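Me: I would like to learn how to read a structure. Please take me through it step by step.

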Amino acid sequence: MKLSRTAAVIAVGAVLFAGGCSLNKSTTTPAMTTATADSDATNVPAEVPEFILHNGAKVSGPDTVSVKSGDTVKFTVISDKDDQLHIHGYDKEIELKSGQFQTVEFKATITGKFEIEIHSNDSLVCTLEVR
Ligand SMILES: [Cu+2]
């Protein structure tokens, strides 16, 4: 069960990279490839933050998601309109389909503070902090 869930997340990730980012189109590093073998369930936070977006603005969810390097970043997001979520630093773009929950999961390998924003209007959803 865990395996199939991970596989699904990886598949989503692969699609996202094809989307391209307005800020950093050149980085197409397949950073997801290592996540398959060593995804360690013990590193997944017990509490999964949930973000709710209404009309391109966050209406619910934490302002900061804080993890340690090597941890798995995981959160869910739902928007009431089609949109894109951009995770800076990791250069991940998540396609949001109106009314559908998206689970975002990846390994935190880069330390620092990174903005997670809605691309349609560049509004800040939260700050990802990797210590
Ligand atoms: Cu962006």
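**Reading the sheet**

Reply: Strand β4 (residues 72–79) pairs with β7 in the antiparallel sense, over six bridges. Strands are DSSP runs of E with at least two residues, numbered from the N terminus. Two strands pair if DSSP finds at least two bridges between them. This is a predicted model: local features need pLDDT of at least 70, side-chain atom pairs count only at pLDDT 80 or more, and totals for chains, interfaces and linings use all residues. Residues are numbered from 1 along each chain as its sequence is written, and side-chain values use heavy atoms, with hydrogens and water left out.

Me: In β7, which residue is the bridge partner of V77?

Reply: Strands of a sheet pair through backbone hydrogen bonds, either parallel or antiparallel. Here, the partner of V77 is Q102.

Me: In what order do the four strands form the open sheet?

Reply: The order is β2-β1-β4-β7, with mixed pairing. β2 (57–60) and β7 (102–107) stand at the edges. Each has a single partner strand, so one side of each lacks a neighbour in the sheet.

Me: How many salt bridges does a search of the whole structure find?

Reply: Side chains of opposite charge can pair when their charged atoms come close. A salt bridge is a side-chain nitrogen of Lys or Arg within 4 Å of a carboxyl oxygen of Asp or Glu. The search finds one. The side chains of D63 and K58 meet in a salt bridge at 2.8 Å, N to O.

Me: Which residues coordinate the copper ion?

Reply: Donors are N, O and S atoms within 2.8 Å of the metal (3.2 Å for Na, K and Ca); water is not among the atoms, so sites may look incomplete. Here they come from H86 (ND1), H88 (NE2), E117 (OE) and H119 (NE2), at 1.9 to 2.5 Å.
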